[in-house]
Amino acid sequence: MSWLPVVVKACYFLAALLFILGLKRMSSPRTARGGIVWAGVGMLVAVLATFALPDIHHRGLILAAVLIGVAAAWWSGRRVAMTAMPQMVALYNGMGGGAAAGIGAAELVAHVRRLVPAASDTSPLRPESWTLVALHQAPALGLLSPVTLGLGVLGALIGAVSFSGSLIAFAKLQGWLDKRFVFPGQRIANLLVLLLALLHGAMLVGGDLTMPVIAGFFLFALLFGLMMTLPIGGADMPVVISLYNAFTGLAVAFEGYVLGNEAMIIAGMVVGAAGTLLTQLMAKAMNRSLGNVLFGSFGAAAGGAAQEISGAQKPIEAADSAVMMAYAERVAIVPGYGMAVAQAQHKVWEFAKLLIERGVKVKFAIHPVAGRMPGHMNVLLAEAGVPYDLIEDMDDINPEFPNTDVVLVIGANDVVNPMAKTDPSSPIYGMPILDVAAAKQVIVVKRGKGTGFAGIENTLFYADNTRMLYGDGQAAAGQLVSELKALDT
Amino acid sequence: MIDGFVALYIFMLAAFTGHEIIARVPVILHTPLMSGSNFVHGIVLVGAMIALGHATTPFETGLGFLAVLLGAGNAAGGYVVTERMLEMFKPSGKQPGGKV
């Protein structure tokens, strides 16, 4: 049976290779579909190989847990709406963090169990010298070396924070927790909880391995995840989810080191690094520094008098809008999360197809943070069947707006707000925006005259070349389609 | 057990790999890629299986069981969600507007 461990190691190597190649393929639209399948095969190989390990007990329990976990996640993942994707990613990510923390906890508890007989064997030694015993006899007893212990504790800390934090992020995006919990001295309280968690972790590494310390460590780590996430507003949540994704990756890598599992180390570290970079890209796209997201509060810092808005919003009818676009040469559609909430993307794409049939050049202009995560809007448009080569990023389309005849803004608000450029007192000042105001004509589909998600006024709505098409996104898009069809009859 | 410095090298090279993969990704794939990387750290399931497989006391078994349950959820959920998203990406050549 001595060849078995080698086969298992080879399987882990294959899994790590497939993960990296799969992620690589996922970074291009053409091969992305195959990428997830490659990574999936890697996962399957790794899991089956682990089952074959000779020293694994409780195989029945393992199988039961795997089946329950897979069934529940498969079922929920299949039926969730595309608009709810960000919170599902948060949920599954939290589960991964929880699993990493669970591994850390199980290893620590097992370590304590192995430690006690080790100490009693050498009874003259006082409890303080347990660590010396552990160091000396570590390999023979299967005890953890201080470095391993340290990484295990660190991984458990990060995993626990990611677990409780992701659950809060999920609850917030799901709409179960609308309120931001802010109280005076919050930062100091959070810092205190983090210090307590770190202190307990240091005690564990320093040799004070007792059950109360382990329990305290996990309690404070979980509490810190909760307290860190609670004050963060829904608009900033994508950055936080991405950050926790990177956290879980790191936690998995560290626990992988404790278990001597190379597949976990490599996969976890790749995700840790990729997730960190992705978090930075997202924060940059939203014009928020990571520190600002985690420790600032949105809108609170905005001082000074807000810019005066002159003029009035000028309404337009669906029929006139349809005619305007039907006889335009270039039309750009700027969809926002509001369109997705109204489930209007299918109607919007139907409208765009009719325009294309008439020879109008139609592009979809996507702000990096349209939707709730970078790229979320692309997914929602793809769901409606919009081909990805009609979709333009902000940097590519912004120079084209002056040559665009009509821009149709549907369900977007802050990402087209010129105040981000002109009003230093605005909370979104400095955020890169889509320059739709530069187009010849702008039509904004909007439910009413109120302010957007972030509660900020938008000067675009009052501009001379802007017309407001009031109505629900779904209904307005439907009207545009039928008006356009009526043109030809 | 992996030697400390070898592990350090693995950590470093894997980190560079992850950084390189993301560095050139178009924005339209950020969400699927985040979801895909979420799936990849579902490999934690393997570690959870080992932890449960080595458990001897009921308490450790309970912790291990919970870890396997959560890890399996991470892996399966991450896969389904990513696959569903990527399934929808198609260029305009292939009948646009097709059924999802």
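Contact here means heavy atoms within 4.5 Å, and every view below comes from a predicted model.

**View 1**
Leaving aside residues up to four places away in sequence, Thr279(A) touches Val239(A), Ser242(A), Leu243(A) and Leu290(A). With Ser242(A) there is also a polar contact, side chain to side chain, at 2.8 Å. Is Thr279(A) buried or exposed? Its relative accessibility is 1%, so Thr279(A) counts as buried.

**View 1. Ala332(A) in strand β1 of chain A.**
Strand β1 covers residues 330-335 of chain A, and Ala332(A) is found there. The relative accessible area of Ala332(A) is 1%, so this residue is buried. Not counting residues up to four places away in sequence, the residues that Ala332(A) touches are Lys363(A), Phe401(A), Thr404(A), Val406(A), Val407(A) and Leu408(A). Have a look at Ala365(A) too: Ala332(A) and Ala365(A) are 33 residues apart in sequence, with their C-alpha atoms 6.4 Å apart in space.

**View 2. The salt bridge between Lys363(A) and Glu392(A).**
Lys363(A), one of the residues touched by Ala332(A), forms a salt bridge with Glu392(A), and the closest N and O atoms are 3.0 Å apart. The pair links distant parts of the chain, since Lys363(A) belongs to strand β2 (residues 361-366) and Glu392(A) to strand β3 (residues 391-393), 29 residues apart. Lys363(A) is partly exposed at 26% relative accessibility, whereas Glu392(A) is buried at 14%.

**View 3. Helix α15 of chain A and the glycine that follows.**
How many of the nine residues of helix α15 (residues 376-384) of chain A are buried? Nine of the nine are, so the helix is largely enclosed by the rest of the structure. The buried residues include His376(A), Asn378(A) and Glu383(A), along with Met377(A), Val379(A) and Leu380(A). Just after the helix comes Gly385(A), which has a positive phi of about 100°.

**View 4. Lys9(A) paired with Glu262(A).**
This salt bridge brings the closest N and O atoms of Lys9(A) and Glu262(A) to 3.2 Å from each other. Lys9(A) lies in helix α1 (residues 3-26) and Glu262(A) in helix α10 of chain A, so the pair ties together parts that are 253 residues apart in sequence. Both partners are partly exposed: Lys9(A) has a relative accessibility of 44%, and Glu262(A) has 23%. Over all chains, the structure holds nine salt bridges.

**View 5. Ile43(B) in the largest nonpolar core.**
The largest nonpolar core has 197 residues, and Phe364(A) and Ile43(B) touch the most other members. Helix α4 (residues 85-121) of chain A provides the largest share of this core, 16 residues. Around Ile43(B), not counting residues up to four places away in sequence, are its contacts Phe19(A), Met43(A), Ala46(A), Val252(A), Ala263(A), Met264(A) and Ala267(A). A second, separate core has five residues, among them Ile428(A), Met431(A), Ile433(A) and Ile456(A).

**View 6. The contact between chain B and chain A.**
Chain B brings 82 residues to the contact and chain A brings 105. About 8,400 Å² is buried between the two chains, with carbon and sulfur atoms giving 79% of that area. On the chain B side, Phe11(B), Met34(B) and Arg84(B) lose the most area to chain A, together 9% of what that side buries. Met34(B) belongs to helix α2 (B), where Met34(B) is among the buried residues. In that helix, residues 30-40 of chain B, eleven of the eleven residues are buried, so the rest of the structure largely encloses it.

Three salt bridges are counted between chain B and chain A. Glu60(B) lies in helix α4 of chain B and Arg113(A) in helix α4 of chain A, so the pair joins two chains. Glu60(B) is buried at 2% relative accessibility, while Arg113(A) is partly exposed at 27%.

How values were computed: Residues are numbered from 1 along each chain as its sequence is written. Chains are lettered from A and ligands numbered from 1 in the order in which they are written. This is a predicted model: local features need pLDDT of at least 70, side-chain atom pairs count only at pLDDT 80 or more; totals for chains, interfaces and linings use all residues. Side-chain values use heavy atoms; hydrogens and water are left out. Buried means under 20% relative accessible area, exposed over 50%, partly exposed in between (1.4 Å probe, protein chains only). Helices (H or I, at least four residues) and strands (E, at least two) are DSSP runs, numbered from the N terminus. A nonpolar core is a set of buried Ala, Val, Leu, Ile, Met, Phe, Trp, Tyr and Cys residues joined through side-chain atoms within 4.5 Å. Buried area is the accessible area (1.4 Å probe) that two parts lose on being put together, summed over both. A salt bridge is a side-chain nitrogen of Lys or Arg within 4 Å of a carboxyl oxygen of Asp or Glu. A polar contact is a pair of N or O atoms within 3.5 Å; within protein, one must be able to donate a hydrogen and the other to accept it, and residues adjacent in sequence count only if both atoms are side-chain atoms.
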